[in-house]
Amino acid sequence: MNAKKKSSTAYLTKLAVMVAIILVMSFTPLGYLKTPGLSITLLTVPVAVAAATLGPLGGAVAGLTFGLTSFYQAMTSGGFATMLMAISPFYTFVTCVVTRVLEGWLSGLIFKALYTHEKSRRISYYVAGLATPILNTILFMSSLCLFFYNTDAIQQFVVKLGVSNPLAFVFAFVGAQGAIEAGICFILASAIIRALFAAIDHNAAKKKKQASQAKAAA
């Protein structure tokens, strides 16, 4: 097997592992903390890790997996997303799936841009860990307001929260819950990404040293 095939196989293997982790988290209590409104999701953690370690494409695939599991639950769970599903399956698909694909892809682009430059490399792990949950909230809520704000279902929340416009609705609806979600995912994702890159750098340095020793011995 040549180097290109080995690299491709390694990439696909890592991507398959990330997809498997998201699937396991999605259908167990590991993935969501249930609340009366929107659930606090921890699935942005593996999406952030995939975006950083596997690039924008890996982030997009991880986001797609996250979105598809979210859409499946919208059809079966009977929760908030199921209410949206009853209004419009297509718009619910966009809100659940397309936004998550964009979330992973954009997180990958942000990390890549920062990691490429030596001056910003140290903060790239933390920015990626924070950008993913923030993008998840922004994109999801933007889509929710764009497609569903004027529906009776969302207007019931608007009245209940006592707000008068979409922006106020977003802040009131997400509230402390969004901050908690972003904080948890930021801490976990940043730590995991930093640890993985430390291991990658260590292995690269070890291989370089072995190659130098082998060359010297020859």
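View 1. At 35% relative accessibility, Leu109 counts as partly exposed, a class lying between buried (under 20% relative accessible area) and exposed (over 50%), computed with a 1.4 Å probe and protein chains only. Leu109 is placed in helix H4, helices being DSSP runs (H or I) of at least four residues and strands (E) runs of at least two, numbered from the N terminus. Together with Leu64, Leu68, Phe93, Val98, Leu102 and Trp105, Leu109 makes a nonpolar surface patch of about 540 Å². Patches of this kind are made of residues with over 30% relative accessible area and no salt bridge, with nonpolar side chains (Val, Leu, Ile, Met, Phe, Trp, Tyr) joined within 5 Å and like charges within 9 Å; the accessible areas come from the Shrake-Rupley method with a 1.4 Å probe, and for residues only the protein chains shown count as cover. Helix H2 (44-76) and H4 each supply at least two residues of the patch, and H4 gives the most, with five residues.

**View 2. The whole chain and the confidence of the model.** This is a predicted model, in which local features need pLDDT of at least 70 and side-chain atom pairs count only at pLDDT 80 or more, while totals for chains, interfaces and linings use all residues. Residues are numbered from 1 along each chain as its sequence is written, and side-chain values use heavy atoms, with hydrogens and water left out. The protein chain has seven helices and two strands, which run α-β-β-α-α-α-α-α-α from the N terminus on. Its mean pLDDT (the predictor's confidence in each residue, from 0 to 100) is 86, and 87% of its residues reach 70 or more. Among the elements, H4 has the highest mean pLDDT (95) and strand S1 (residues 32-33) the lowest (77). Of the 218 residues in the chain, 42% are buried.

**View 3. Aromatic pairs between separate parts of the chain.** A search of the whole structure finds 15 aromatic pairs, counted where ring centres of Phe, Tyr and Trp (its six-membered ring) lie within 6.5 Å, with planes under 30 degrees apart called stacked, over 60 edge-to-face and the rest tilted. Phe111 and Phe197 form a tilted pair, at 5.3 Å centre to centre and with 45 degrees between the planes. This pair links distant parts of the chain, since Phe111 is in helix H4 (residues 89-116) and Phe197 in helix H7 (residues 166-217), 86 residues apart. Phe111, at 3% relative accessibility, counts as buried, and Phe197 counts as buried at 7%. Tyr149 and Phe169 form an edge-to-face pair, at 5.9 Å centre to centre and with 65 degrees between the planes. Tyr149 lies in the loop between helix H5 (118-148) and helix H6 (152-161) and Phe169 in helix H7, so this pair ties together parts that are 20 residues apart in sequence. Both Tyr149 and Phe169 are buried.

View 4. The structure holds one salt bridge, defined as a side-chain nitrogen of Lys or Arg within 4 Å of a carboxyl oxygen of Asp or Glu. In this bridge the side chains of Arg121 and Glu118 meet at 3.6 Å, N to O. Because Arg121 and Glu118 are three residues apart in helix H5, about one helical turn separates them. Arg121 counts as partly exposed at 26% relative accessibility, whereas Glu118 counts as exposed at 61%. The charged end of Arg121 also sits over the ring of Tyr115, 4.5 Å from its centre, a contact that requires NZ of Lys or CZ of Arg within 6 Å of the ring centre and within 35 degrees of the ring normal. Tyr115 belongs to a cluster in which ring pairs link Phe111, Tyr115, Tyr125, Tyr126 and Phe197.
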